[in-house]
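Colleague: Before I use these labels, I want to hear what stands behind them. Take me through the model term by term.

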Amino acid sequence: MRQRPFKQIDVFSDRPGYGNPVAVVLDAQDLSETDMRRFAAWTNLSETTFLLPPTPEGRAAGADYRVRIFSPNGELPFAGHPTLGTCHAWLQAGHAPRVAGMVIQESALGLVRVQHSGSTLAFAAPPLTRSAPSPALVPLIASALGLRPQQIQGAQLLDNGPVWLGLLLDSAETVLGLQPDHARLKDLGQDVGVIHIGPTASDTRQPGAVVRAFAAPMGNPEDPVTGTLNASLAEWLIADGLAPRSYLVAQGECLGRAGRVHIRQDDAHQIWVGGEAVTCIEGQVLI
């Protein structure tokens with residue numbers, strides 16, 4: 001065991017305590033997978049990340065660093081807010097990307113591009129596979145959420161690493177008023193993301209969309225602010241003409257947070273998912 005540089009970053013907020021935290025170990029060389037799993041379980045955050053040099057293949061492809069991402073239950077190939085928090089920590093530690101303004105992160109999913117400008121970061125949404133959910137699934141999920149059928153305006157199974165059942169709902173009040181039966185959601189074994197896109201969604205100064213993420217099957221009844229879910233929702237809704245190419249999401253209000261997620265589709269039709277990040281804790285950790 002030795003002392004290693006450590007940071008805890010709040011992501012999708014510029015105010016400490018209002019976003020989604022991630023723990024970052026900035027030097028994970030010589031740590032075993034068992035060490036990483038144990039430390040991630042100890043932090044008990046939704047994710048803990050470990051920074052490593054790129055693999056030879058990653059370096060040849062342009063990667064600036066490699067990251068391994070762990071929840072308390074195991075390793076994840078990719079996750080949104082840990083990607084932004086890790087990039088923030090890496091830049092704050094004095095590193096510079098090979099290409100100005102664009103960090104290339106290597107993860108188990110592959111290479112992920114992260115744009116940065118000041119404290120604002122945005123990752124390129126990974127490829128999405130989507131399909132219509134089983135007709136039997138949606139009524140069961142709706143019942144567990146306390147939804148009436150007419151409140152659901154669209155439903156898709158969304159897979160960009162994690163698999164979410166995405167539900168487009170009729171109003172922000174419906175989204176914010178949900179009181180899910182988390183035990184039933186866990187039994188159903190399906191993570192669920194709900195969203196409403198409002199008439200001011202194209203005004204990037206104010207949130208035009210509201211999102212909630214329920215992940216009881218993963219051991220997280222409600223996630224405060226969720227990058228991968230917002231990425232998959234945006235890819236679905238923008239492609240189907242149900243959302244504008246740029247909008248601002250509010251997430252976390254029901255948990256006392258105030259997460260803000262910026263969604264933007266560029267001219268090449270790439271979705272970018274971004275927000276602010278702020279360092280809340282930094283120092284050394286003995287691992």
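**Terms and values**

Modeller: Gln105 stands opposite Val112 in E7. This is a predicted model, where local features need pLDDT of at least 70, side-chain atom pairs count only at pLDDT 80 or more, and totals for chains, interfaces and linings use all residues. Residues are numbered from 1 along each chain as its sequence is written, and side-chain values use heavy atoms, with hydrogens and water left out.

Colleague: What makes E6 and E7 a pair of strands?

Modeller: Strands are DSSP runs of E, at least two residues, and helices are runs of H or I, at least four, numbered from the N terminus. Two strands pair if DSSP finds at least two bridges between them. Strand E6 (residues 102-107) and strand E7 (residues 110-117) have 6 bridges, in the antiparallel sense. A hairpin of 2 residues joins them.

Colleague: How do you know that E7 also pairs with E8?

Modeller: By 4 antiparallel bridges between E7 and strand E8 (residues 120-124). Gln115 stands opposite Ala122 in E8. This hairpin has 2 residues between the strands, and Gly118 takes a positive phi near 65° there.

Colleague: And what makes E13 and E14 a pair?

Modeller: Strand E13 (residues 209-215) and E14 have 2 antiparallel bridges. Ala215 stands opposite Asn220 in E14. Their hairpin has 4 residues between the strands, and Gly219 in the turn has a positive phi of about 90°.

Colleague: Why is Phe39–Phe50 called edge-to-face?

Modeller: Rings of Phe, Tyr and Trp (its six-membered ring) pair if their centres lie within 6.5 Å; planes under 30 degrees apart are stacked, over 60 edge-to-face, the rest tilted. The whole structure holds 6 aromatic pairs. For Phe39 and Phe50, the centres are 6.2 Å apart and the planes stand at 70°, so the pair is edge-to-face. Phe39 sits in helix H1 (residues 33-43) and Phe50 in strand E3 (residues 48-52), 11 residues apart.

Colleague: Why are Phe39 and Phe50 called buried?

Modeller: Buried means under 20% relative accessible area, exposed over 50%, partly exposed in between (1.4 Å probe, protein chains only). Phe39 has 7%, so Phe39 is buried. Phe50 has 0%, so Phe50 is buried too.

Colleague: What makes Phe78 and Phe123 edge-to-face?

Modeller: Their ring centres are 5.5 Å apart and the planes are at 75°, so this pair is edge-to-face. Phe78 lies in the loop between strand E5 (74-76) and H3, Phe123 in strand E8, 45 residues apart. Phe78 is buried at 4%, and Phe123 at 0%.

Colleague: How do you know that H7 is mostly covered?

Modeller: By its count of buried residues: 12 of 13. Among them are Leu229, Leu233 and Trp236. H7 reaches 18 Å from first to last C-alpha, close to the 18 Å expected; the expected span is 1.5 Å times one less than the number of residues.

Colleague: What makes the largest space a pocket?

Modeller: On a 1 Å grid over the protein atoms alone, a cavity is a set of points where a 1.4 Å probe fits but cannot get out; a pocket is an open set with protein on both sides within 12 Å along at least five of seven lines. The largest pocket holds about 460 Å³, the space filled by probe spheres set on the points, which are joined across faces, edges and corners.

Colleague: Which residues line the largest pocket?

Modeller: Lining residues have an atom within 4 Å of a point. There are 26, with Ser46, Glu47, Ser71, Met218 and Asn220 nearest the centre. H3 gives the most, 3 residues.
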